[in-house]
Amino acid sequence: MASEYQSSNASDPYKHINVTLNPDGTLTRHISFPSSPAEPQLTTDSQLTLSKDIPLNPTTATFLRLYRPVSPPTQKLPIIIYFHPGGFVVVSATAGPMHLICSEISAQTPALVINVEYRLGPEHRLPAAYDDGVDTIRWVRDQALGTGLDGPEEWLTEFADFSRVYLMGSSAGGNLIYNAGLRVLDLDLDPVTIVGLIIDQAFFGGIERTEAELRLVNDHILPLTASDLLWSLALPLGADRDHEYCNPLADRHVKIGRLPNSLIRVNGEDPMADRQKAFANMLESHGVHVTRKFYDEGNHCVEMFDPKKAQIFYNDVKNFVCAQLT
């Protein structure tokens, strides 16, 4: 998030994440990433996908951006539900890097990608974002059953394989899909099957500092002052960083072992790398099949501004999705 988190203002976490706290407790978010419009029609020869915006929940003003390859294959496509980074406080599904990532993954995998505009803190503190994740999964189930309130979505009807649904998230989105994934384990999702979690550089924390956090305390992408501020704006009022939403190792759910196969991606220069690796070990200790993609190099969310690292990310996603077919 190099342009969303301002490296020259790391000593002031509000400036670093590019927000102003208002007297009423809300935030003014100074947009660093220009918004990209949906592209429902083919307008250029270089266009990778078609995309459209779809309302999710009018009450919460959430929506989805759905992507499909320009020339989809004849076989049905898996569905990847994507949740963006931003510490549960900043960034939008329509931001340029998010739009590009979803478009590339849709085209390269290939897959139908659903990019979710979920609620942010402090206006909507956790678990609001988790609830929006569950809403999205229920929306996909209703589409599979043909019972959606707004009728069937034609791209899903024509191209979707509802037996191959993946939850994918980067940073806060990785945290979100773990928590939403736990919440839907006891729901009747038939005929939808969630076959995998793609957890990319998950945003986790805790009161006791890790070695990586101390070593990278002044990280230019996500220094500890900014990370701590994000958690203070996202967690329920009165909660500390050992709350289960922040520190999954502090409160281990008995349902963890029922989660599907999980891809865990970690970059070595991410202050949260130690927590992400411990999280992978925790999943595996509960019987979850874990595919590890741990890299020595790379900052937090590096794929948003480094095309070579982004392509590694796209390849990891494609390989994980394709491996579930064997």
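## A tour of rings and cavities

Select tyrosine 130 and tyrosine 245: both residues are buried, where buried means under 20% relative accessible area, exposed over 50%, and partly exposed in between (1.4 Å probe, protein chains only). The model is predicted, so local features need pLDDT of at least 70 and side-chain atom pairs count only at pLDDT 80 or more, while totals for chains, interfaces and linings use all residues. Residues are numbered from 1 along each chain as its sequence is written, and side-chain values use heavy atoms, with hydrogens and water left out.

**Aromatic rings**

Rings of Phe, Tyr and Trp (its six-membered ring) pair if their centres lie within 6.5 Å; planes under 30 degrees apart count as stacked, over 60 as edge-to-face and the rest as tilted. Helices (H or I, at least four residues) and strands (E, at least two) are DSSP runs, numbered from the N terminus.

Next, display phenylalanine 313 and tyrosine 314, a tilted aromatic pair with 6.1 Å centre to centre and 35 degrees between the planes. Why does phenylalanine 313 count as buried? Phenylalanine 313 does so because its relative accessibility is 0%. Tyrosine 314 counts as buried because its relative accessibility is 6%.

Then select Phe88, Tyr130, Phe203, Trp231 and Tyr245, which form one aromatic cluster.

**Charges over a ring**

Move to tryptophan 155. The charged end of lysine 52 sits over the ring of tryptophan 155, 4.1 Å from its centre; the charged end of arginine 68 also sits over this ring, 5.5 Å from the centre. The criterion is NZ of Lys or CZ of Arg within 6 Å of the ring centre and within 35 degrees of the ring normal.

**Cavities**

Finally, select Phe204, Gly205, Gly206, Arg209, Glu213, Leu224, Ser227, Asp228, Trp231 and Arg241, which line the largest cavity. On a 1 Å grid over the protein atoms alone, a cavity is a set of points where a 1.4 Å probe fits but cannot get out; lining residues have an atom within 4 Å of a point. Helix α7 (residues 224-234) supplies the largest share of this lining, four residues. For the second largest cavity, select Phe204, Asn247, Pro248, Leu249, Arg275 and Phe279.

Note on methods
1 Å grid on protein atoms, 1.4 Å probe; cavity = no way out; pocket = protein on both sides within 12 Å on 5 of 7 lines; lining within 4 Å.
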